Every structure is written in C-alpha cells, then in structure tokens.
Amino acid sequence: MGSLWPYVRREHDLPRALITGVTGQDGAYLSEFLLEKGYEVYGMVRRSSHFGIADHRLRWLGIAERVHMVDGNMIDLSSLLRIVEKVQPDEIYNLAAMSFVYTSWDQPVVTSEVTAVGVVNILEAMRAAAPKARFYQASSSEMFGLVEVERQSETTPFHPRSPYAVAKLFGHWATVNYRESFGLHASSGILFNHESPLRGVEFVTRKVTDGVARIKTGMAGELRLGNIDAKRDWGHAKDYVRAMWLMLQQPEPDDYVIATGVTTTVRDMCKIAFDYVGLDMDAYVKIDPSLYRPAEVDLLLGDPTKAKTKLGWETTKTLEDVICEMVDADLARVRMANLRADG
C-alpha cells in the first residue's frame, strides 16, 4: 500500500476497479468479491489522524495487503481527478458517504458536501479522465422516506426524511443526469438495509448484536434503543455487493432496487438476537426517547423484481442468518477483548 504517483502501470491485463469508501462495510466486502473475480482493486481513503487503523475491516477479511490504497477526498475535486487519471479504472464504485442517518441532523453541511456534492465531483473526474469507465452510485432506500406505497420499487416517489436521505437523493439524480447528459455508463443501486459483522456499532443491527454479546458475557446490563416499531428490509452485505457488480456488467446502465422483499420490525430483529443466546429481550431492552429520529421513517420494504429479472440477482441469506452471524462475531470480539484486558 502507499502512493500511486507519478503513475500506475498496468502490468497485467486485469480489470481494474476504484472504490471510494473502501474501508466501510460495503467497500471491504466489494473488495473481497472483486479480488476473487481477478480484479486489481484500488481503494480511496481520506487521510486522517487515525490512518493505519481505518482499514481494520479489510484486515478482518485478510485482504488489506491486496488492496492498493490511494489518498483522496470526496470534497476535493483535484484529488479525484488525479486519482482517476492515474488509476484509469474500468469500474468506479462510489460508496463514500457520511452514512449514519442519525448524525446527519447534527452535521447536515458536511453530510451534504460528502454525500451529495461528492458524487458530482467523482462523476466530473470520471467524465474528464475516464469517460469509458462504468460507474456505480450507492443510493439508499432512505430516499423513499415517508412512503406512499407499502412496497417500494424504482418508480416509487421519493420523500426523504433526513439530511442524509436528501443528500443521497441529490447524488442519485446527479448520476441519472450525467448518464443522460453525457452518455456515461452510470448506474445507481437503491439498496435497502444490509448488514454483516463488519457493520459499524452505531447502526441499530450491530448495536443490538454487540449489546446482546455484552449482556450475555456480563459486560452490560441493558440495551437502550429508540423506536423499535420501525420496519426495515434487511439483507446481508455480501449479497448486496454482488448486485453492485452485476449492474456494471450490463450493456446499458440503469437503476435498481436491491432488497429482500421482507420487512421486519426492530423489535422482532432484537428478539432474534436475544433468543439466539437464550435471553429474554424484555428484561434488557430499555426505550430511550432521546434516540428517536426528528423525522422517523416507519416502513421500508423493497420490491427487487427488476433486479431479479434483469440481473439474475437474489438474496442467499435470511435476516435470521445475518443476525446470528453478527451475534457470533460480537461474542468472539467481546471475549477476546476480555482476555486481553485480563492480560
């Protein structure tokens, strides 16, 4: 890993992918998937004071040394231009975002700069330096927001309910606009919630599985949550990164809803986790009104018919599979941390 400058030489005739947000959950799993497909993978990271530990997800998967890391920033067009010009990727996957919905109310400006304007920046860099590349934009089911129909598809109207969702909607339409205006092969995946052991602990699924692991091992006595009656459509991140790749293999770019087609309340998701370790959820879960969103999204349920028909994509894991895998991983993490603390 290290700097690419002054150039990147193609030593092998391998497809080359550039991933922004490479150190996140999706970036790590997508890197693993593409490496298994024989790609050269370049991952863009924002240089910060914690550089060196930011790639912990890649290390957890055992692939950190196989991903070429390059420094860049979504709000610095000049850095994106240099990266795209030097790497000359065949495929660009834009996964970078300020991705935690709750925090977007506290940081609406930076959320907009990174998650909205950043999309235009990377599209501009691609248009100028690699117009033949294929582009994937990570859109979000949060764009649907205050839903008008029970099941959301590519034609469902958007009504975003958070600064994050508003920014994602800007990036989504920017991708459509660049596709229509400049003929770029630019596709958006409107991904519904997708989880894994690599999910950040600030997200509700990982907050639950980490909390369950701590309660089970005696490290915590309760789990504080907000609106547990909200309904979400949850899948596994590994399935969803496969859908990203499939979109860029199509002859024509397009937008796709990626979802399981099954919705579950946060309450029932919690019950899966607590039941898995033999604990009574009601004895430990405490509702904290301060954790409610200023504007709640009560129901998200995706219709993946188009993805199944055109991409041949289907999910392979149930929510129960995902949550149990996450609980097992968090139990192992907590126990390892306890062993280290004991010396």
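Which side chains meet in a salt bridge at 2.7 Å, N to O? I found Lys271 and Asp275. I took a salt bridge as a side-chain nitrogen of Lys or Arg within 4 Å of a carboxyl oxygen of Asp or Glu.

The model is predicted: local features need pLDDT of at least 70, side-chain atom pairs count only at pLDDT 80 or more, and totals for chains, interfaces and linings use all residues. Residues are numbered from 1 along each chain as its sequence is written, and side-chain values use heavy atoms, with hydrogens and water left out.

**Salt bridges.** I count 16 of them. Lys271 and Asp275 sit 4 residues apart in helix α8 (residues 266–276), about one helical turn. Helices are DSSP runs of H or I, at least four residues, numbered from the N terminus. Asp210 pairs with Arg214, closest N and O atoms 2.9 Å apart. Asp55, Arg59 and Glu65 form a linked network.

**Helix α7.** Arg242 bridges to Asp239 at 3.0 Å between the closest N and O atoms. Both lie in α7, 3 residues apart. Asp239 is buried at 3% relative accessible area, while Arg242 is partly exposed at 21%. My cut-offs: buried is under 20%, exposed over 50%, partly exposed in between (1.4 Å probe, protein chains only). In α7, 10 of the 12 residues are buried, so the helix is largely enclosed by the rest of the structure.

**Cysteines.** I searched the whole structure and got 0 disulfides; the criterion is a pair of cysteine sulfur atoms within 2.5 Å. The Cys270 sulfur is 13 Å from its closest cysteine sulfur, in Cys324, too far for a bond. Cys270 is buried at 0%. Cys324 is buried at 18%.

Terms used
Helices (H or I, at least four residues) and strands (E, at least two) are DSSP runs, numbered from the N terminus.
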